[in-house]
Amino acid sequence: MNPLAAAPLILPLLATILCLLAWRAPFIQRLVSVASSVALTVLGLFLMRSTADGAVLVLQVSAWIAPFGITLAIDQLSAFFALATGAVSLIALTYSFADVSPELERRGFYPLFNALLFGVNGAFCTGDLFNMYVWFEVLLMSSFVLMTIEGSKKQLRAGITYVLINLLSSTCFLIALGLLYAQLGTLNIAHLTLRVAELSSAGQAAPLIPVGMLLCVAFSIKAALFPFFFWLPGTYPTPMPAITALFAGLLTKVGVYALLRVLGMVLAPLADNFSSFLLWMALLSMGTGALGALASHSARRALAFSIISGVGLSVAGLALGSAESLGAAVFYSFQSMVVTSGLFLIVGAIRAKTGSDDLQSGSGVFISAPLLAALFLIAALSLAGVPPFPGFIGKLLVLQSALESASTLTTVVVVVSGMLSLFAVANLWSELIWKPRVAVDGTNLSKTTQPLGKARIIGLALSALAFLTLVINSNDLVTRALATGAALVEPKQYISAVLPFGAPSARQVRDAANNPTGRIYIHKE
Amino acid sequence: MSSLFLSIVMGTLFGSGVYLLLRGNVARVLLGILLISHAVNLALFVAPEVGPRHAPIISTQASTLPEATTADPLPQALILTAIVIGFGVLAFLLVLVQQAYRAVGSDSMAALTEEYPKVEYPKVEYLKVEDLTLRDGTSPNIVERCK
């Protein structure tokens, strides 16, 4: 029992409530949100430290023992994602001060922001699949409102697509949960892992395959994998840069996390049935993402496509199925959360400064703000996977495990899509950054720029700082990620932490009337 | 028997829901979502064995629940949660659709979800003969020259 396991949930919840209480005082809302985001980042670091030896922090809510109650469990995988959530939220929040108008504050921007973090962290920290569904809905509800908060026609249109597609994904998830419960009688992740392993060693796991497929579809829609990615490029670029950065950093990665947790751990004994299917989806996403980024006419859209490519790479790591490849997937997702959100902020800053992120008209940012251009170049090169940046290390790890598993196709696709995304980055660089901005009548607009403002500069500086920390610590992070991958393949520690007395049998459940709390306890015998 | 009946109902709901979802009118799409969410709730409902069962309350002397005769309370809790969440999301969706309808002025899904870029042709200004000047500064009076 470790109350710390609830901390990533309680902090943003508290911030949401305080923001709601301070409805008429935007300054206090800002203060509370910043404090909560800073605390989340520090907490993420602390969680990384306390799970370093593979320990799992478990909280059985109101002392109901697993699998009867709700379990919160933070292992290394959760800690990775919780840390990235903290960092991305802090960066996006500071940047958002530049764009959030008093009108948006009156519409409840800050409570929604914190509620989104509440849902995201809930999804990362829960130890129960139905609970994960609930957290998905919490984060989706906030994201729906955040996406349409400005209320422009374009956003309303994007909002409808986004809400409908996510409703479908939730529906698939819920059906899968019903089927899973019907077959296994539990939804606790640790208990499910045990039961699936039991059934598959008895050779009776075949009915679970369609359930796995449904879960795969549900999470792939969230993660924007190949056949289900079409909603993303149209919707993500529509809100303001801070919100796009937040969505790009967190929401698709929630899908990746769920895929890693469910297909990488719970249904791992059945992995042979999914892996080829999943690998194809991953490879096609990498290809489409890279090609889409090349064909885009605005930088935001190109970045949205590069998210799809990145998710594809993470899922390729998952599909390869070894401890190393899962570790590679974890590391790649972790670094791409920081890098992608940073890139969206940089492009937002370019738009704020020069009024355009259109590849045709150019922005001339190389002349007006060379530092911004340099920042863009570094982040974009990391995205494309150029050494020595973390994106390269992630790709290299996936490539290594592809070579080890003798999957020629994966190797070729990773390399070719890497080249294509480098080409896309070069295209962005020459068309957007390098090209002077020229008006229709031929006058050079490169020098006519707006000042960036403090909030944007601080946000970008924080983003650069996070990136720098990532680069410096990438060696440790890779070691940790590989350990995480190994823990996913062999989840003994997770199971024994959540179910210290093993899976309960009916005989072990003692008469509730004999103990004063009225709760069910299990004999230790 | 009852679960066979429920399965048929569920299938009908799913089928009609998907049919409505594929229509081009936003009101039908919303109804489709509604039907599908009902179907999913039913799917959760039939997850355990369905039939006349006792409430899952344990007697003071017993140490276990007689599994064969007691109902499983968990799916009902799950359905309740799913209903509440579905209700909330649907309420938001209704408001969103209404707002979008006001902004777009159409209830077709195509108009509500996609923006067709308006093609704007560049405005071409033709030169007039009177505006031209010759190298020596005089204007070319074509009519006179023709004479």
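Visitor: How do you know how many residues of chain A are in contact with residues of chain B?

Guide: Contact means heavy atoms within 4.5 Å, and by that rule 34 residues of chain A are in contact with 39 residues of chain B. This is a predicted model, in which local features need pLDDT of at least 70 and side-chain atom pairs count only at pLDDT 80 or more, while totals for chains, interfaces and linings use all residues. Residues are numbered from 1 along each chain as its sequence is written, chains are lettered from A in the order in which they are written, and side-chain values use heavy atoms, with hydrogens and water left out.

Visitor: What makes up the area buried between chain A and chain B?

Guide: Buried area is the accessible area (1.4 Å probe) that two parts lose on being put together, summed over both; here chain A and chain B bury about 3,000 Å², 79% of it on carbon and sulfur atoms. Of the area that chain A buries against chain B, A:Arg157, A:Ile160 and A:Tyr181 supply 23%, more than any other three residues.

Visitor: Why is the count of salt bridges between chain A and chain B given as zero?

Guide: A salt bridge needs a side-chain nitrogen of Lys or Arg within 4 Å of a carboxyl oxygen of Asp or Glu, and the count between chain A and chain B is zero.

Visitor: Which helix gives the most to the side of chain A that touches chain B?

Guide: Helices are DSSP runs (H or I, at least four residues), numbered from the N terminus, and α7 of chain A gives the most, with 18 residues.

Terms used
Helices (H or I, at least four residues) and strands (E, at least two) are DSSP runs, numbered from the N terminus.
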